[in-house]
Amino acid sequence: MGVTYWLTNVRLETGYRVENGIVAGTEASLFHILIKDGKFARITPATETLEDGIAQKDAKGLLALPSFVEKHVHLDKTLMGEPWRAVIPVSNIIERCEIEKRTLPGLPTTTQERAKNLLAVLQSYGATHVRTHVDIYPEAGITNLETVKEALADYSTRLSHEIVAFPQHGLLRTDAKGLLRDALRQGATHVGGVDPANVDGDIEESLSQMMELAVEANAGVDLHLHDPGHLGTFTMKRLAQMTVDAGWQGRVAISHAFALGDIPVAEAEEMAAILREAGITIITSVPYSRIIPPVQLLHQNGVDVAVGCDNIFDTWQPYGNGDVLERLWRLAERNRYLDELALSQSLRFITGGKTTLDAQGTQQWPKAGDEASLVLVEATCSAEAIARRANRHAVFFKGTLAAGQVEEVTAVKE
């Protein structure tokens, strides 16, 4: 049995304030939330007197939001904990891979140590679920998977996770099929791929092997696709068809998908229909330096979209701080989400689809029976939290305080 306690004086959004037919703000009130066995058991107005004998933690008016989902990170690549270094210039992705392959094994810190450093940062910013890619290639075998699993095991009571067996150096190019199969047997939940045309040199065979491995292992798929324009969209169409043929709808994602931002709007809408029918999710890290997928168009056409941080201080990028809320802020700014409704509804892109209110202002979260995973932020509403990248004071995973702090009002009772 888990710990039972009241999380008191929690600010929750209750509806939108409408003026002249336009959402002009968000209404919020203070509540007490009973947390029991990792779930929200009861939600009452803060004006009610609480029964004696149950522990209390005081949120002191902080706003509660659903905890965040980090949908794209590389725990095995990060240099977190190492001294500062910028990246070495290269002319193509293959050279970048070779530099990384030479650099990481020679570091004084271990992959496990660096992964745990990054997990601590991700959690401090509000993430309670992480999808990490781990590089699988002949020189390393499945070592990266083993060490990342050890790091994640230390966080098993604080967050949930998915692991993508990722052939960064090419599925065909390094003949990694057998290694990926081993990784899937040893705990990877997804099989990955990267640029079937430019890295593997064979779109059809690369995608076929990736899907074959996924079906064989009953695993998900996450393809990294940087290829622009019609080369990229052609690859997406082939993956969508293979997804439908395999009955894998809802289990496939495409990360980056830059090509969707390269094509005319009418063609992007056609692609959105193809992706929607195949149940393919698009994941973007919202890079400043690239055209990104048209997130609003995709969302409006029924395509699931998620935001992740991707590279965080590694041999690929010297940037990144692990704050997925900051990535959402970047997306909001690029897409000109200026009004209350657009900002608040964009929260879904970092929470696995959750928003506190739906577009009509009906409360969607939290509800009794929901998993008690939340983040307490210094903001009056979710729109402000996004626009101002609100400070995060405490993060809870299934009712357990995972990061930050809240004041204990009374002693915890089992």
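Modeller: In this predicted model, two strands count as paired if DSSP finds at least two bridges between them.

Colleague: How do you know that strand S9 and strand S10 pair, and in which sense?

Modeller: Pairing needs at least two bridges. Strand S9 (residues 190-194) and strand S10 (residues 220-225) have 5 bridges, in the parallel sense, so by the rule of at least two bridges they pair. Within this region, Val 191 stands opposite Val 221 in S10.

Colleague: What makes helix H5 a helix that packs on the sheet?

Modeller: Contact means heavy atoms within 4.5 Å, and helix H5 (residues 203-217) touches S9 and S10. The direction of H5 makes about 155 degrees with that of S10.

Colleague: What is the order of the strands in the open sheet, and which are the edge strands?

Modeller: The order is S6-S7-S8-S9-S10-S11-S12-S13, 8 strands with parallel pairing. Strand S6 (68-73) and strand S13 (305-307) are called edge strands because each pairs on one side only. Neighbouring strands of this sheet are turned by 25 degrees against each other on average, direction ignored.

Colleague: How does the radius of gyration of the protein chain stand against that of a compact globule?

Modeller: With 414 residues, the globule value would be near 22 Å; the protein chain has 22 Å, so the two agree. The C-alpha trace spans about 65 × 50 × 40 Å along its principal axes.

Colleague: What share of the residues is called buried?

Modeller: Buried means under 20% relative accessible area, and 56% of the 414 residues count as such.

Methods
Residues numbered from 1 in each chain as written. Predicted model: local features only at pLDDT ≥ 70, side-chain atom pairs only at ≥ 80, totals over all residues. Heavy atoms only, no water. Helix = DSSP H or I, 4+ residues; strand = E, 2+ residues; numbered from the N terminus. Axes fitted to C-alpha atoms, helices over the stretch in contact; angles between N-to-C directions. Rg over C-alpha atoms; globule rule 2.2 N^0.38 Å. Buried < 20%, exposed > 50% of the residue type's maximum accessible area, 1.4 Å probe, protein only.
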